[in-house]
Amino acid sequence: MKALNCPLCELDLEKEKIFYADQSFIVLRTKTLKGHRERIMIVYRKHEHTIPYKAVERALDILSKIGRKVFSYTPKFVIMDSTFATINDHWHLVASDLDPKSEDFNQILATRWIKVVDNTIPEEGEV
Ligand SMILES: [Zn+2]
């Protein structure tokens, strides 16, 4: 189901920078980079506020794996909790580098990090 006036339901995939897509999820560059070289998010295809735990786990695996390529220019990136998210009724997670010069660096520090990915260490068991 799509919701009216939801920017994540209304994404025009032709115009977005898509890094990954399957039946459940899309990984794409965020609309605003906020001063980061890269800033990406994983979006659930359906307009749901919460998704099953197993799906969250899978989303984290996908975002970690794609992030390792997208953020290959930096040793670490973080997957953040959606506390400060502008859109909070459509499930998504943002991953960002840790550039102190970025516009939202203080907000990144104030946000709970769901996962820190160390790009210098290969991780096993990711998709
Ligand atoms: Zn939506």
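**Entry 1: the core.** I began with the largest nonpolar core, which has 25 residues; Phe25, Val27, Met41, Ile42, Leu63, Leu93 and Ala95 touch the most other members. I noted that S2, S3, H1, S4 and S5 each supply at least two residues of this core. S3 gives the largest share, five residues. A nonpolar core here is a set of buried Ala, Val, Leu, Ile, Met, Phe, Trp, Tyr and Cys residues joined through C-beta atoms within 7 Å. Buried means that 20 or more other C-beta atoms lie within 10 Å of the residue's own; exposed means 12 or fewer, partly exposed is in between, and C-beta atoms are placed from the backbone.

**Entry 2: what I am reading.** This is a predicted model: local features need pLDDT of at least 70, side-chain atom pairs count only at pLDDT 80 or more, and totals for chains, interfaces and linings use all residues. Residues are numbered from 1 along each chain as its sequence is written.

**Entry 3: the chain as a whole.** I found two helices and six strands in the protein chain. From the N terminus on, the order is β-β-β-α-β-β-α-β. Helices (H or I, at least four residues) and strands (E, at least two) are DSSP runs, numbered from the N terminus. I looked up the box filled by the C-alpha atoms: roughly 40 × 35 × 30 Å along the principal axes. The radius of gyration is 14 Å, which agrees with the value near 14 Å for a compact globule of 127 residues. That radius is taken over C-alpha atoms, and the globule rule is 2.2 Å times the number of residues to the power 0.38. Buried residues make up 26% of the 127.

**Entry 4: the sheet.** Six strands form an open sheet in the order S1-S2-S3-S5-S4-S6, with antiparallel pairing. The edge strands are S1 (18-21) and S6 (113-118), each pairing on one side only. Neighbouring strands are turned by 15 degrees against each other on average, direction ignored. Two strands pair if DSSP finds at least two bridges between them. I then went through some pairs. S1 and S2 (residues 25-29) share three bridges, with Ala21 partnering Ile26 in S2. S2 and S3 are joined by five bridges. Five bridges also join S3 to S5.

Entry 5: Is S3 mostly covered or mostly open? It is mostly covered, with six of its six residues buried. Arg39, Met41 and Val43 point one way, while Ile40, Ile42 and Tyr44 point the other way. Beyond its neighbours within four places in sequence, Val27 is in contact with Phe19, Tyr20, Ile40, Ile42, Ile62, Leu63 and Ile66. Contact means C-beta atoms, placed from the backbone, within 7 Å.

**Entry 6: helix H1.** H1 (residues 53-70) lies across S1, S2, S3 (39-44), S4 (76-80), S5 and S6, at about 40 degrees to S6. Axes are lines fitted to C-alpha atoms, for helices over the stretch in contact, and angles run from 0 to 180 degrees between N-to-C directions.

**Entry 7: Ser102.** Where is Ser102? I located Ser102 in the loop between S5 (92-97) and helix H2 (105-110). Ser102 counts as partly exposed because it has 18 C-beta neighbours inside 10 Å. Setting aside residues up to four places away in sequence, Ser102 touches Lys34, Gly35 and His36.

How values were computed:
Two residues are in contact if their C-beta atoms, placed from the backbone, lie within 7 Å.
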